[in-house]
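Here is a short note for a colleague who has not seen this structure before. Please read it with the model open.

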Amino acid sequence: MNTLHQSAKATSRLGRPISASVLIAWLVYLFLIVPSLIVVPMSFGTSNELVFPPQQWGLDLYAKALDPAQGWLSAGGRSFVLGLIATGLALMMGVPAAYGLSRTNFFGQKALSFMLLSPIFAPTIVVALALYLYFATLHINGSMLGLVMGHAVIITPFLVVTTLSGLKHLDRNIENAAMVMGATQLQVFFRVVLPAIKGPVLSGSLFAFLLSFDEVIVSWFIARSDQPTLPVKMYSSIQWEVSPVLAAISTFLVFITVIVSLVSAFAQPENTDGF
Amino acid sequence: MQTMHALETNTTIGKAHRGRIPIMIRTLGFGTFLLPLTVFMLLVFCVPLLGVARASFYTNGTWTLSAYREFVSGALFHRALINTLSIGFMTGLISVICGYFVAYHLSRMPQRKRRLYIILVMLPFWTSILVKSFAFTVLLGTNGIINQALQAISGTNVVVPMIFNRAGVIIGMAHWLIPFSVLPILSSLLSQDKALRDAAEVMGATGMQVFWKVTFPLSLPGVLASGLMASVIGMGSFVTPSLLGGRQDLMMANLVDFYVREALDWRMASAIAVVLILLALLILSTAAFVRTRLSR
Amino acid sequence: MTSKLTLHGVSKRYGPVTALHPTDLEVREGEFVTLLGPSGSGKSTLLKIIAGMELPTEGRIIINGRDATEMPVRERDLGMVFQNYALMPHLTVFDNVAFPLKIRKTATEEIRRKVHDALKTVQLEHLKDRKPQALSGGQQQRVSIARAIVYNPSLVLMDEPLGALDKKLREQLQFEIKELHDRLGITILYVTHDQQEAMSMSDRVALMNGGRIEQIGTPRQLYFTPETAFAADFLGSSNFIDATVTARTSERTVCRLSSGEEIAAPSREGFSEGQKVRLMVRPEHISLLGQAVSADRNVLKGVTTGTTFFGESAEIRARLAAGSEIAIRIPNDYSLPEAEPGAPLHLEWDVRQTHVFA
């Protein structure tokens with residue numbers, strides 16, 4: 001009762017300044033969300049010019065996007081397969097590494113975790129150039145192998161971070177209990193730790209997939225120009241001429257983002273702060 | 001790896017009278033979890049990065065500083081460096097200011113509601129930068145939605161140039177960076193002890209006073225750190241200046257691309273990349289320093 | 001009785017800090033031994049060393065006749081109950097209890113039978129398909145106990161298992177654990193900082209302080225014959241009075257207070273005439289009834305300074321002629337003397353209830 005009363009008083013006393021700040025907050029929300037929303041109605045237009053709102057409604061742009069001759073379909077398929085493989089690789093390396101990092105405390109551990117996570121902080125263009133030069137000497141530029149490795153470098157640190165945050169909520173005594181009861185280290189990892197953090201790991205890998213699916217800079221350097229990934233094809237398309245088909249492709253990408261966000265929201269435990 | 005673990009158990013082993021082999025196996029066991037990713041990152045991240053550094057010094061069989069000499073003397077590089085710094089800090093500042101309003105708004109609502117509102121931040125965060133760039137070309141273009149609306153309202157043929165210039169880059173990048181600054185500021189606001197604000201209020205402070213004397217100073221380290229962080233991310237940006245900026249808004253990342261693709265000069269591209277990553281390291285360590293210094 | 005756990009000179013140092021001085025301890029089969037002490041007394045360090053989560057700096061650990069000093073945790077054949085239950089959130093109650101059996105590759109049918117029995121022991125069969133999060137704290141801790149006994153480990157370690165529960169539940173579970181121990185004959189090493197819990201459950205209590213075992217014995221021994229002032233103070237309440245030894249026989253030591261009054265106590269080794277000592281008597285051993293009638297009772301004069309009412313008992317505080325404050329616990333009945341502040345009091349107690357400490 002008391003606190004309720006107090007907070008009601010506080011808001012009314014704060015009056016004007018607070019509502020001004022709320023107004024600005026809403027303007028920022030609007031600014032953030034509008035670009036993702038605007039592409040949706042545009043994708044249902046029919047004309048060859050980009051006009052808003054569309055004069056006529058239809059599915060022409062989707063038909064065009066799905067036309068194999070346009071190459072969007074094969075680029076999308078390439079990105080999808082690439083995302084799946086890169087995410088699988090990231091899972092196999094990143095989840096154990098996060099477990100190792102969270103359960104040890106040795107000299108140089110800070111340096112190691114900085115090294116493992118640094119692709120997050122490094123300018124992507126530098127990573128892209130580095131991989132381009134490196135893969136050139138290995139002669140795997142333009143290959144799926146090169147793309148998978150490049151994407152794994154970008155997305156694995158991210159999966160490590162989300163796994164680490166899941167592990168933070170896991171009571172270490174659960175693992176101690178399992179060990180006292182006779183479980184080996186591997187049994188503890190596979191039968192206790194992994195099932196307990198499957199929510200954060202699942203949502204982390206969904207976003208890792210999304211990260212790979214949307215990745216443009218590394219792919220722009222590594223992919224063959226006649227076998228682009230979806231974002232690379234989009235990038236060069238926007239560069240040369242802003243075609244209305246992009247509205248349909250963009251809507252599809254927004255749709256995937258929404259799906260991934262929704263699924264991961266359900267995978268997260270209730271008591272965490274959704275981000 | 002092995003030496004690191006040996007170092008860790010050293011204190012115990014040193015004093016023990018017999019071999020602590022089981023415990024070494026146990027500790028190395030965690031090492032095994034770390035091993036695959038460590039090897040991968042060494043081979044596919046660290047070695048390539050060193051390769052960039054090497055390529056910037058080593059051309060045609062000789063070691064040379066020529067690329068850096070060109071960087072120091074070339075007007076194009078000065079332009080790109082100044083663009084990178086000014087656009088980076090500018091958008092960092094804008095996104096922290098905008099992000100603060102959003103974070104503050106989010107921090108003052110119940111958790112359940114916050115989970116919902118945060119989607120408004122996370123959805124743009126996870127949306128492909130190409131979707132956003134495309135949307136901004138449609139929104140900001142000379143025939144774009146905003147200019148059409150302005151013309152309709154004013155009844156004139158006025159056109160505000162908002163794309164292929166500095167304004168376009170800053171709008172696009174701010175949009176990209178705001179979510180990056182909302183989350184750290186929000187977590188710094190949420191970690192504040194509510195009792196401090198209550199205490200200030202009980203002692204008679206007004207809402208504005210509580211904010212400026214308690215909430216804001218406490219959040220300052222987080223704000224500065226996330227502002228610098230956003231600036232660093234912005235400085236590495238490539239897609240936005242390329243798609244929304246004009247020729248005069250070229251940033252260092254675009255120059256790297258130019259030297260690889262057009263000029264086919266890996267030496268110069270590498271030197272620019274080295275400068276860029278050193279810049280990022282410098283600012284990031286400043287951010288880390290600021291953070292520890294201020295939160296003490 | 002065979003020994004389930006023996007510690008020989010086990011110690012732990014972290015750099016220059018000594019968390020545990022060389023310690024000996026024996027826990028016999030079927031025994032309930034409690035490590036009791038304030039936080040930082042070394043009891044948790046000792047438990048972690050026994051469980052194998054920490055290595056001792058020196059010393060040997062023998063579990064069930066096998067040298068376990070360097071044995072990995074999983075081979076030590078222990079059961080453990082944690083303060084925060086440490087149940088696996090992704091498994092049902094049944095699967096949680098079945099976990100140690102599955103690790104041991106026990107046959108499915110046997111698992112079903114043993115888990116069923118263990119859950120029956122803690123009266124939770126009806127909740128076997130629930131997830132731990134759907135259970136109350138007390139129920140979760142019962143699951144955790146069932147899990148620790150289902151595979152018959154040599155020794156069950158309990159690390160402040162009732163610390164997260166409220167008072168009523170704590171008392172009920174104290175009773176249940178004690179009853180389980182007596183019925184199944186399991187060997188338990190229990191850690192707590194709650195002296196009442198230790199006293200009511202244990203066969204023997206090892207009182208820990210400053211990284212060493214201060215005194216070990218039955219709850220009665222610790223209560224009636226504390227060997228140190230710390231032991232006297234930590235178990236139960238106590239009054240301390242400064243005095244000087246004036247006379248000493250093999251039976252009795254007589255001490256003089258600053259007021260000139262004399263107090264007798266049973267003699268113990270290590271005290272000589274003229275030595276400054278602290279006398280201890282427990283508040284509940286003092287009575288207020290009249291004059292001493294025999295030489296077996298000590299008498300002191302005092303003045304009431306205040307009273308506190310506790311329901312089943314009351315505490316009267318008095319200032320002695322010697323100057324120090326003293327508390328007296330008396331059961332409440334209608335014949336309570338009026339204890340107005342300033343009223344004179346005659347305190348008396350049995351000589352055998354007097355303890356002398358250096």
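How much area do chain A and chain B bury between them, and what part of it is on carbon and sulfur atoms?

1. The model is predicted. Chain A and chain B bury about 8,300 Å² between them. Carbon and sulfur atoms carry 79% of that area.

2. Helix α1 (residues 2-43) of chain A gives the most to the side of chain A that touches chain B. Its share is 21 residues. The residues on that side of chain A divide into 75 nonpolar, 18 polar and 5 charged.

3. Next, the contacts between the chains. On chain A, 98 residues are in contact with chain B; on chain B, 89 residues take part.

4. Now look within chain B. Chain B is divided into domain 1 (2-63) and domain 2 (67-295). The C-alpha centres of these two domains lie 35 Å apart.

5. The two domains of chain B also touch. Here 7 residues of domain 1 are in contact with 8 residues of domain 2. Together the domains bury about 520 Å², with 76% of it on carbon and sulfur atoms.

6. What does the rule find between the domains of chain B? There are 0 salt bridges. There is 1 residue pair in polar contact, both residues at pLDDT 80 or more. On the side of domain 1 that touches domain 2, helix α2 (residues 21-57) of chain B supplies the largest share, 6 residues. That side of domain 1 divides into 5 nonpolar residues, 2 polar and no charged.

Notes. Residues numbered from 1 in each chain as written. Chains lettered and ligands numbered in written order. Predicted model: local features only at pLDDT ≥ 70, side-chain atom pairs only at ≥ 80, totals over all residues. Heavy atoms only, no water. Contact = heavy atoms within 4.5 Å. Buried area = accessible area lost by both parts, 1.4 Å probe. Helix = DSSP H or I, 4+ residues; strand = E, 2+ residues; numbered from the N terminus. Nonpolar A, V, L, I, M, F, W, Y, C, P; charged D, E, K, R; others polar. Domains from an automatic or database assignment. Salt bridge = Lys/Arg side-chain N within 4 Å of Asp/Glu carboxyl O. Polar contact = N/O pair within 3.5 Å; in protein donor to acceptor, adjacent residues only side chain to side chain.
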